[in-house]
Amino acid sequence: MSEIRLTRRTYLAASGMAIGGLLLQGTPAVAQTPLVRRNIRDLDPNGPEITQLREAFRIIESRPNGSSVGWLGQANIHRNRCAHANWWFFPWHRAYLFYFERILRAAVGDPTLALPYWDWSDPSTRAIPAPFWRRYLYRVIRGPGIGPSSLVPDELVDRDFIVEPILDIPAFSTFGGAASSSPMIRTAGGSLEGSPHNNVHNWIGGAMARPEWAAQDPIFWLHHANVDRLWAEWSRRHPGGLPTSPAWRNQTFSFFNTAGAPTTIAVSQVLTTGALNYRYDDEPAVPMPLAEAAGPSRAERAPETVAATPPRPVLGSTPITVTLTPTPELQTRVREFTAPQVRDDASAGTLLLAIEGIQAPDVPQVLVRVFINLPEANATTSPRDLHYAGNFSFFTSDAQGHDAHGPYTQYLDVTRAIRRLADADQYRADGPIQVTLMAVPIAPERRQEAATRIPFRRATLTAK
Ligand code: C2O
């Protein structure tokens, strides 16, 4: 795995003066040799990289609380300005990590320091990495029952079961969030954010479960390096898939440079990891140029939507079923993409489920399971059931938080589930589509915290 092990000497030789510019200037300059963010699984807990990382955290943690380049000052950027449940979720967090990593590097004076990532989707690395249970990398409380040997449950993060289907989602909005008028205004969250990303925040619990404190836990940065890596992977799988709208690309975000002075960066500057001079160890060493949208590959048709309100507008531990009646046009679309000959063709069409008007619960540590055409599903129904369409959880502040504001939407791509059901004769194109939702504890340890009521307004299905 470690085909690239940059030593400080080879790195400096390769990148020469460029790195000086990267550290000293307000706007990012591009050095020649990208830094490699590595899987923490492959790093020796007592080796030089982790030792250096701990030292960098020790230094930033020793800075005064008011310092913009200190541990708390950096965490408070997240409290005050994080972008969630809209189309800036990925670029905002990429830029946040970029500036934070530069501050760590400057703290130890080592231009080769790179954040590792924690790949929780891999069944062999489901525990919070051991160094993050030791001083400087273990700083704030985590949830009840979570210790060094606790493993993130399969249903929250598994590569094959949860992450792969999400990486296959062709539409950026379903994958990564919908348009919004401001980075801090929630509209609709994509599936990578709403499911594995939120799930890991909630499973770790404690500070990590709340936007206002999450970045105080050093594991936050490795969690987000993994989220960022998955965005890079999605971008490789879906060339030309990023939004082209100037409203998205021209949006700027504010952070701090290594000297602690405010600086801004635009979305258009963070579209690839290569543009910021780093790459993940599973990315090609020579970054692929960013493909621009080549225009729609099939005749663009207007999306066809049906909506239904629930019998009671509250989601909780008692399952609730919303019954949607497809229009003839929607039936035709679904027939098209469930036909056996297009079974693996993502461009044949997709079916998007939107749970609208969600008001996140005060106790966020629940997982919402979604089943299609199984109204009798309950808390004992296996997530491996054919009718299981995915899950999501919540990441919002308590009442005092900046983003304790209005309702938002959660997107789920249910194309795979519908195809699976069609294969098994569990779906009739001309019949109703029943969506059953229920909240379960995010981890068995949280059972006592799981009583909750989550208002929502309606569900919609959109065929594209
Ligand atoms: Cu802005 Cu995972 O958080």
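Author: Four strands form an open sheet, in the order β8-β13-β10-β11, and their pairing is antiparallel. At the edges stand β8 (320–324) and β11 (388–392), each of which pairs on one side only. Strands here are DSSP runs of E with at least two residues, helices are runs of H or I with at least four residues, and both are numbered from the N terminus; two strands pair if DSSP finds at least two bridges between them. The model is predicted: local features need pLDDT of at least 70 and side-chain atom pairs count only at pLDDT 80 or more, whereas totals for chains, interfaces and linings use all residues. Residues are numbered from 1 along each chain as its sequence is written, and side-chain values use heavy atoms, with hydrogens and water left out.

In general, strands of a sheet pair through backbone hydrogen bonds, either parallel or antiparallel. Within this sheet, β10 (residues 366–372) and β13 (residues 433–441) are joined in the antiparallel sense by seven bridges. Arg369 stands opposite Met438 in β13.

Helix α9 (residues 191–204) lies across β10 and β11 and runs at about 50 degrees to β11. Axes are lines fitted to C-alpha atoms, for helices over the stretch in contact (heavy atoms within 4.5 Å), and angles run from 0 to 180 degrees between N-to-C directions.

As for the setting, the secondary structure of the protein comes to 13 helices and 15 strands. Among contacts between residues at least 6 apart in sequence, 77% join residues at least 24 apart.
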